[in-house]
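Biologist: I have the sequence and the coordinates open. Could you walk me through a few parts of this structure?

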Amino acid sequence: MTIRTDLFRRTASAALLLLASTAPAAYAADPGQPPLTEQTARSGAPLDPAQEKLRFDSAELSFEVFPERESIAGVAKLRFTATDPLETLVVDLDPNLPVSAISIDGTPLPESAWENPEGRLSIRLPATIPAGRAFEATIAYAGTPHVAVRAPWEGGFVWSQTPEGKPWVATAFQMQGCDLLWPCIDYPTYEPDFVDLHITVPEGLSAPANGVFRGVERLADGRSTWSWHATNPTIYGITLNVAPYEEISGTYASRFGNSIPMHFWHLPGRDERARELVAEFAPTLDFFESVIGPYPFADQKLGVVETPHLGMEHQTINAYGNEYKKTPDGFDELFQHEFAHEWFANQLTAANWDDFWLHEGFGSYMQPLYGQWREGDGRYLSMMLALRNGIRNQHPIVSGEPQDAGHVYRGDSGPSGDIYSKGAWVLHTLRNLIGDEAFFDAVRLAVYGRTDPRPGNFEPLYRTTPEFIGFVNQEAGRDLQWFFDVYLYEAALPELEQSRENGRLNLRWKTPNDRPFPLPVEVRIGDRVETVVMEGNRGSIAVPEDAHVVIDPMSKILMQSDSVDAYQQYLLRRMRGGGH
Ligand SMILES: [Zn+2]
């Protein structure tokens, strides 16, 4: 998702965006209602032991959406294979969506066979299912789903209205998980191989969704059912979008020889701005396919839908709610950011939320990288420096322990916005250290599992931070664990201590816990740039007494900065009303 709009969000241009943004149409239901249990509110919490005995093969999800009473009814057919003998099926489902019927392989169960007090729907199976056996659970449920407090950051359903007063419904579940919508296993590595969706909506509304369009059926009562087929969907990416949408579509001729369907569903009356945004799709695809590799879901679609909330990386149906804002960077950063997640979240999916930065660090780095691809180094650095002001260094980006999504995203317990801005700066520094060839090959190994991706020769992958470090070491041809130990696993930034005496500039890296950090440093001395080797965290270079010296003149390195620290302190004081 997009970075949280808090104090240290992207500096001046972000401040303008905040001022310019207007709240969407008022929510009819109370945000935060009905309340969630602790279990349902967490996404990626530890698995139930019974869930570890399951392989999730596929799901067929049917929804009826009732905007006027802000409720849904669903039937979920879940197909699993038992990997160990299974006596109880446990899936996650918000208890605000009570279950009315369950059958296993077509045999209805008595109501006494299931219970869902806290959000773990526990189903006693009629007989033990042996290891290796596939089975199907059909679960019917209905109710009033949780309304988002502040989508997409505090997620749930968004029951909004278009300017004409028509229903405009969206969802965002990254923080709280798929179990707010359907019975799933709310854990990143439990993606089904495919999901079929059937979404029934009132007359005059459409329901664009994940994957390939399989047709629309008009019902006798005037409603319509929209069917979609999505392969390897990211677990929090399954989404409902309902409105009187208009559609713009086109086809992109890929450099890899295939063609990619492109679709944008927008509200009526916004055709001109919508067309301007759609005009960005092809050059953005060209950038990603040139610099990273093939669009991972070319056989499905590039899909974007206009939403009442800012954005979310819903696979092949990205949420877009940026109001077509312009920036001096020359492209829609919200669209570009969410689209980046097709590579970094949906193709490469973090195996645990502790690796959240693999989504957001890369997702955020792709905007400056696109700026560089479009306009060169000046645009790139200006965008990187804007990100630099938001880095807070309160918690390490990666803890090394399994985490749920909210724990990482909340600033009191986790790295929060640093997974975006600091993550992007770690990648910037790494790229400067190892060079473009090694950097982008390591990225391709992480994203595709190979350095020569072509359409059809890769599958979506789960990745961890140590795996990414391994790919970097492999491509760089040396062990760079020290680099990640400081930047990812420590909160504080390395500080570069400097002193000048006897015609020399002496440099020393001061790191948390005195970790080794032999990162070379460029220094401009007068009109020439020299590289100072930093073996043992120390380096030295001859400098004429009267020479003007600039450390790291091209801002290649993420390190502690007095001026950024002072600026952040100033913003904090101003926010607290403590002067100017
Ligand atoms: Zn994001």
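This is a predicted model: local features need pLDDT of at least 70, side-chain atom pairs count only at pLDDT 80 or more; totals for chains, interfaces and linings use all residues.

Biologist: Where does α6 bend?

Modeller: The bend lies at Met 366 and amounts to about 25°. A proline, Pro 368, follows within four residues.

Biologist: And what comes after α6?

Modeller: Gly 376 follows the helix, and its phi is positive, near 105°.

Biologist: Why is α6 described as largely enclosed by the rest of the structure?

Modeller: Of its 19 residues, 16 are buried, so the rest of the structure largely encloses α6. Buried here means under 20% relative accessible area.

Biologist: Turning to the sheet, in what order do the eight strands run?

Modeller: The order is β5-β4-β8-β2-β1-β11-β13-β12, in an open sheet with mixed pairing. At the edges are β5 (107-108) and β12 (212-218), each of which pairs on one side only.

Biologist: How many bridges join β4 and β8?

Modeller: Five bridges join β4 (residues 99-104) to β8 (residues 134-143), in the antiparallel sense. Within this pair, Val 99 stands opposite Tyr 141 of β8.

Biologist: Now the second largest pocket: what is its volume, and which residues lie nearest its centre?

Modeller: Its volume is about 370 Å³. The lining has 18 residues, and those nearest the centre are Met 559, Gln 560, Ser 561, Asp 562 and Ser 563.

Biologist: Which element gives the most to that lining?

Modeller: Strand β21 does, with four residues. By class, the lining of this pocket comprises eight nonpolar, five polar and five charged residues.

Definitions and conventions: Residues are numbered from 1 along each chain as its sequence is written. Side-chain values use heavy atoms; hydrogens and water are left out. The bend at a residue is the angle between axes fitted to the seven residues ending there and the seven starting there. Helices (H or I, at least four residues) and strands (E, at least two) are DSSP runs, numbered from the N terminus. Buried means under 20% relative accessible area, exposed over 50%, partly exposed in between (1.4 Å probe, protein chains only). Two strands pair if DSSP finds at least two bridges between them. On a 1 Å grid over the protein atoms alone, a cavity is a set of points where a 1.4 Å probe fits but cannot get out, and a pocket is an open set with protein on both sides within 12 Å along at least five of seven lines; lining residues have an atom within 4 Å of a point. Grid points are joined across faces, edges and corners, and a volume is the space filled by probe spheres set on the points. Ala, Val, Leu, Ile, Met, Phe, Trp, Tyr, Cys and Pro count as nonpolar, Asp, Glu, Lys and Arg as charged, and the others, Gly among them, as polar.
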